Amino acid sequence: MRRPMVAAVVALVVGLAGLPAGGAAPRDLLDEVLARGFLFVSTDPNYAPQSFINARGEMDGFDVDVAKEVARRLGVRVQFVTPAWEAIVSGRWGGRWDVSIGSMTITEDRQKVLHFTPPYYFTPAQFAVHKANTRFRAVTDLAGRRVGVCGGCTYELYLRGTLRLVGETVEFKVRNAVIRTYETDADAIQDLALGDGVRLDAVLSALPTLVFAIKRGVPIRLLGDPVYYEHLAFAVDRHSLRDPTRFVQRLGEIVRAMHADGTLTRLSLKWYGVDLTKKK
């Protein structure tokens, strides 16, 4: 969610933004996507197991599988683009991609610039420390400590005490942390893995991301219980070049259908080993 965009893809999207359908200009964003035959999805190539580049050099992961299924149900093909996270959450995409399917948390501030579908899954936000650490027994022990997070994400807002979630009340348990921001969660976890207190004292990330790293042998351990739960949804630019109303409605219908027929549960079990599609 936080790497430079592939320029060629961006150029292609911009070039297709005004593609006519059968000679007539598309009425809105849904018409444009269907006429184009491609759904342009922004996501992150370094956010395993949600989205990453596999050994074959292909995008893979939970969000990638979800995006492919959404495109299939729309009757189009999918193309992934990887803009910086800050560009996605800021809105005003300029028609460079159609939708973010990148485990985005619904927040009050983001709702000012983005439309959200109903949540497609829910994840706990969790602190982790180095495996060798014996000093910290509770998350409150991290007050005044160096904590690594992805820049511009909800974890940074949590540490700053400014996180406002939709459908969730947040209790801020860590005060006055020394915040270290990174381009991705993976970069922060890598710095924590260098050793206890070497560069970081802890990280805050999605529990599935931390568990995935631990299973791959990264020397970190979870600290305490999750500090809040994130409602994760697809996002669409409120300032889209074409009216996004019917497109957002259609995406919402697809999310509800994927919940009802068990598709999202199946994909959650595939990538996380647990069903994260229901709020705890």
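A residue is called buried under 20% relative accessible area, exposed over 50% and partly exposed in between, with a 1.4 Å probe and protein chains only. By this definition, cysteine 153 is buried, because its relative accessible area is 3%. Cysteine 150 is also buried, with a relative accessible area of 0%.

The model is predicted: local features need pLDDT of at least 70, side-chain atom pairs count only at pLDDT 80 or more, and totals for chains, interfaces and linings use all residues. Residues are numbered from 1 along each chain as its sequence is written, and side-chain values use heavy atoms, with hydrogens and water left out.

A search of the whole structure gave 1 disulfide, a term for a pair of cysteine sulfur atoms within 2.5 Å. Cysteine 150 and cysteine 153 form this bond, and their sulfur atoms lie 2.1 Å apart. The torsion about the S-S bond is about 100 degrees, so the disulfide is right-handed.

Glutamate 69 belongs to helix α3, which covers residues 62–74. Helices are DSSP runs of H or I with at least four residues, numbered from the N terminus. Glutamate 69 counts as buried because its relative accessibility is 14%. Its contacts (heavy atoms within 4.5 Å) include Met258 and Thr263, once neighbours within four places in sequence are left aside.

Aromatic pairs were also searched for. The structure holds 13 of them. Rings of Phe, Tyr and Trp (its six-membered ring) pair if their centres lie within 6.5 Å. Through ring pairs, Phe62, Tyr120, Tyr121, Phe234 and Tyr272 are linked into a cluster.

Note on methods:
Helix = DSSP H or I, 4+ residues; strand = E, 2+ residues; numbered from the N terminus. Phe/Tyr/Trp six-rings, centres within 6.5 Å; stacked < 30°, edge-to-face > 60°.
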